[in-house]
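Subject: Structure for your review

Dear colleague,

Please find the structure below, handed over for your review.

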Amino acid sequence: MSQDAQSEDQAAHRHLRMGWWSLVVFVSLGVVLETLHGFKEQWYLGLQNETRRHLWTLAHAHGTLLGLVHIAVASTIRAKQGWSPQQIRAIWGCVTGAGILLPLGFFLGGIWAMGGDPGVFVLLVPPGAALLIIGALVIARGLGSNER
Amino acid sequence: MTLVGLLGWETARQHAANEEIQVTQLLPEKSEDFGYVSSDACRACHPSQYASWHQSYHRTMTQIATPDTVLGRFDGVPFAIDGRHYRVSRRGDEFWMEVPDPSWQGPKNKAPSVELRTRLVSGSHTLQAYWFSGTVDRHLYLAPLTWIIEDQKWVERKDALVFDPERPPKEVSTWNGDCIQCHATGGQPRFLVDPTTQAVKVDTRVGELGIACEACHGPGHEHVLANQDPIRRYGLHFGDGQDPTIVEPRRLTQQKAMQICSVCHAVQLIADSRAFLSTGIQFRPGQETNPSQILIRALEAPSKPELAAFLSVPGAIEMRFWPDGPSRPVGREVSSLIESKCYQGGLTCLNCHSMHNGSRSKQVAPEMDTDKACASCHPDLVKDAAAHSHHRAGSSGAACSSCHMPPTTFGQMRGNRNHFIESPNPAKTLATGRPNACNVCHLDRTMAWTVEQMNAWYGTPKIELDEDERQVSATVLQLLKGDALQRAIASASLGWAPAQEASGTDWIAPYLGVLMRDSYAVVRYRAYASLRTLPGYQGFEFDYVGPVAEREQGSARVLQQWKRSAANPALLIGPDGLEQELIDRLLARRDNRSIILLE
């Protein structure tokens, strides 16, 4: 196995590991949120906590989705070999950054919500979204240039 | 076959849609006139405040009649009150009342029954009133029946008020021209007069039914537009939060803050009826003065020429105020507070009440139903309340409100604390007829006892008393000799737990029995409610709006069931039981003047 292929394989493995651990964390968060629904917890479901509920739902959804994105990235890297180390680093940094910043921004924004507005930690969300877009762009371009 | 089915379904759907359009044309129209945006717009940014308001009775002051809002039992079972026949029933999600035709011009007892659909409901705390619509415009008429929530019982409207039974009830009450001012937000009656025919068409609009956010914070259109900008919002979150596009009552001056509550909680007169019937109350929160209403103060009123017409109505002042100024009915607490020294010291409603953080029942802020409410201005007295009050520390008698805000107002079929914050004074009781705090709690004590105690403890000058005042319990005197309002207050005091604790309960039942044959239905109602707080009477059956003979029997049963208490001359109880002759002598001197308390 060449060094590049080994590096790709390691990268794919990292993404897989990250993806599945993200799923563990954020699906668990979903179960917790559903449990709060089940027990009609007012500090989560009450009208006054509408913003928190909305933001935590977004945190759960984005975390889970980003976990699946990691898995999809791993498959993509394995499916289309020939990625440069820079591309692999960029993809890892962007998707991992997005996978952390997006759910964390929503979750912390929900903890410290201010009325109908999220707390300041929601400012983590835009850079997270930007990283996801950049990551997707790098992959899309990489797929074009790596065609065999 | 399928085509026929589809056609039938479409016809039914259109019929239902047309019916719905017709219904909406009979109800007040929701409108954004004057910048009202409704609580729906506030919810997105202020979920916590929206939630606390949503739980409040302010919200439910008026609602569309639906299965979720109607509290009355519409079970279709016919019943009669004083020979008038009623039936209230439900058809799907519609609520119907079969009542004597309100438009009948002939003899009242011959009025044919008509069935009318309930469109709106008012109230959800103690009573719920119902409104019928007309057929041509948005005019709404008060149903003659009121649902008593505590008792789960239908009564006629007048029987839920301190209302002289000999006087005919108001012929027709309409929501649009009267109740709208305190039962809707941004209400415009819009009584439109056709210039050619002079016919009046009612095209009422409201910002929102019930008392909603904008009733206290002002119309929100500008605020909503300005705060679509997130940078502005976060600037407010991290700044001092002052937003000039909306009114925050807490940040207003005393005068401006009180104006907001005064719209509904003070005795006010519409300044210009014609203007009101067109555009409604034009006061907006944050204004220093109210252009649409004139505040009535009992002591100032006679000197105000603009009130001449108002004062010419018999009972205009007497049915609303105690002679020294405070309000007699509940719900007009501002009128009482502004006569108090505490008001001169800067007190506002918001010192003790909180719309978003208060109790549901009276919206009292946390701990403001304790002595803490008074501590900010009177720390020394509160700190040593036992010495100041001469009552055991921690007892109800040592609480500031027990002596300075006794329950001497009445309305919604119950007594309530008077917001005229004063010190007990027997001389004032004799001058005004308003019970003093000592005797509201020490029900078994005479006025002479109160005079002695007040003189010994506070140096209050002694006053001349007549024989009855020296010998007979002040409360017993008021419930036997007093006017209907005094009797109503006494009937409530007799069931008040702190008063029962201070005065004992073994002597109370026969006096409640006397009040249960009172000519005023609310006195009977409250007396019956108080009776059920006494040991041995919890399950007592009595219909306070039943036929007179049955009521007399009920009252007699109270006495039969009573286990005699120890002799006490102040309570007119001798060694052989009640001193009936003395009681009859006092009853014969009852103040039977006509009372219609204007709640």
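Into which domains is chain B divided? Its domains are domain 1 (26–55 + 190–295), domain 2 (57–173), domain 3 (326–422) and domain 4 (433–599), with bounds that come from an automatic or database domain assignment.

Please note that this is a predicted model, in which local features need pLDDT of at least 70 and side-chain atom pairs count only at pLDDT 80 or more, while totals for chains, interfaces and linings use all residues. Residues are numbered from 1 along each chain as its sequence is written, and chains are lettered from A and ligands numbered from 1 in the order in which they are written.

Chain B as a whole

Chain B has 28 helices and 20 strands; these are DSSP runs numbered from the N terminus, helices being H or I with at least four residues and strands E with at least two. The radius of gyration of chain B, taken over C-alpha atoms, is 26 Å, close to the 25 Å that the globule rule (2.2 Å times the number of residues to the power 0.38) gives for 599 residues, so chain B is as compact as a globular protein of that length. Its C-alpha trace spans about 90 × 65 × 50 Å along the principal axes. Of the 599 residues in chain B, 39% are buried, meaning that 20 or more other C-beta atoms, placed from the backbone, lie within 10 Å of the residue's own.

Contacts between parts

The centres of domain 2 and domain 3 of chain B, taken over C-alpha atoms, are 35 Å apart. Five residues of domain 2 of chain B are in contact with four residues of domain 3 of chain B, a contact being two C-beta atoms, placed from the backbone, within 7 Å. On the domain 2 side, four of these residues are nonpolar, one is polar and none is charged. Here Ala, Val, Leu, Ile, Met, Phe, Trp, Tyr, Cys and Pro count as nonpolar, Asp, Glu, Lys and Arg as charged, and the others, Gly among them, as polar.

Between the chains, nine residues from chain A meet eleven residues from chain B. The chain A side has two nonpolar, five polar and two charged residues.

Arg87(B) has Glu98(B) in S5(B) as its bridge partner. The hairpin of S4(B) and S5(B) has two residues between the strands, and Gly92(B) takes a positive phi near 60 degrees there. S5(B) also runs antiparallel to strand S6 (residues 113–122) of chain B, joined by five bridges, and Glu98(B) stands opposite Glu115(B) in S6(B).

Nonpolar cores

A nonpolar core is a set of buried Ala, Val, Leu, Ile, Met, Phe, Trp, Tyr and Cys residues joined through C-beta atoms within 7 Å. The largest has 91 residues, and Ala143(B), Val162(B), Ala488(B), Leu512(B) and Val522(B) have the most contacts inside it. Helix H26 (residues 521–531) of chain B gives the most to this core, with seven residues. Apart from it lies another core, of 29 residues, among them Val73(A) and Leu124(A).

Leu480(B)

Leu480(B) is found in helix H22 (residues 474–481) of chain B. This residue is buried, with 26 other C-beta atoms within 10 Å. Not counting residues up to four places away in sequence, Leu480(B) touches Ile583(B), Leu586(B), Leu587(B) and Arg590(B).

Yours sincerely

How values were computed:
A residue is buried if 20 or more other C-beta atoms lie within 10 Å of its own, exposed if 12 or fewer, and partly exposed in between; C-beta atoms are placed from the backbone. Two strands pair if DSSP finds at least two bridges between them.
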